[in-house]
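Here is a short briefing on selected local features. Please read it alongside the sequence and the structure.

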Amino acid sequence: MTSDDFRQPVSPAGNGSRPASRLPGALLSLLVGAIYGTVGTVAHQNVLRLGEAAIPVGLVFALIGSLGLLVGFRLLFNDRVPVLFAAIGMVGMIALFSVASAGGSILIPQGVAGLVWTVAPVLVATVVIAWPRIPQRPAATTNRNPSSAPANLRRLPEA
């Protein structure tokens, strides 16, 4: 018997074979996505004014951050579930803040910046979640010792 006989099969999901083992990570991802959706919603209205031009730096940084968060989760975890829950948390908070509150205030006003902030994170999340898994390459081994080269390779004389 070898140690290979005692190996347990690895599930295709990657992290664990039972859904209960993925629940804490999914809930934490939901919380992180909700926090980022809230911060991005508040920050997306920041504008840098240079003379007559208004540069929407808050919107640009919020979109780059949402892309970075979701792509980072996709690369960090070997599963789509954390990315899905982070996207649900982020888009859920954006949807919540786009509706008028009881006092009548809206954090995402109508306009180009508000429209981009409500649509772009959904598109980013869709692309990141649907992106196919890239297979990992095996580690490359370099063989620098010429005496251990395979017998079928012809060695050239060294200069």
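A polar contact is a pair of N or O atoms within 3.5 Å. The model is predicted. The points below cover a serine in helix H2, an aromatic pair and the packing of helix H4.

**Ser-66**
- Ser-66 sits in helix H2, which covers residues 57-76.
- Its relative accessible area is 0%, so Ser-66 counts as buried, the cut-off being under 20%.
- The side chain of Ser-66 reaches back to the backbone oxygen of Leu-63, at 2.9 Å.
- With neighbours within four places in sequence set aside, Ser-66 is in contact with Tyr-36 and Met-90.

**Aromatic pair**
- Searching the whole structure gives 1 aromatic pair.
- Phe-73 and Phe-77 form this pair, with 5.5 Å centre to centre.
- Their planes are 85 degrees apart; the pair is edge-to-face because that angle is over 60 degrees.
- Phe-73 is buried, at a relative accessible area of 13%.
- Phe-77 is partly exposed, at 29%.

**Helix H4**
- Helix H4 runs over residues 112-130 and has 19 residues.
- At 1.5 Å a residue, H4 should span 27 Å.
- Buried residues of H4 include Gly-114, Trp-117, Ala-120 and Pro-121.
- Val-124, Ala-125 and Val-128 are also among the buried residues of H4.
- The buried residues of H4 pack against helix H1 (19-43), H2 and helix H3 (81-97).

Notes
Residues are numbered from 1 along each chain as its sequence is written. This is a predicted model: local features need pLDDT of at least 70, side-chain atom pairs count only at pLDDT 80 or more; totals for chains, interfaces and linings use all residues. Side-chain values use heavy atoms; hydrogens and water are left out. Helices (H or I, at least four residues) and strands (E, at least two) are DSSP runs, numbered from the N terminus. Buried means under 20% relative accessible area, exposed over 50%, partly exposed in between (1.4 Å probe, protein chains only). A polar contact is a pair of N or O atoms within 3.5 Å; within protein, one must be able to donate a hydrogen and the other to accept it, and residues adjacent in sequence count only if both atoms are side-chain atoms. Contact means heavy atoms within 4.5 Å. Rings of Phe, Tyr and Trp (its six-membered ring) pair if their centres lie within 6.5 Å; planes under 30 degrees apart count as stacked, over 60 as edge-to-face and the rest as tilted. The expected span of a helix is 1.5 Å times one less than its number of residues.
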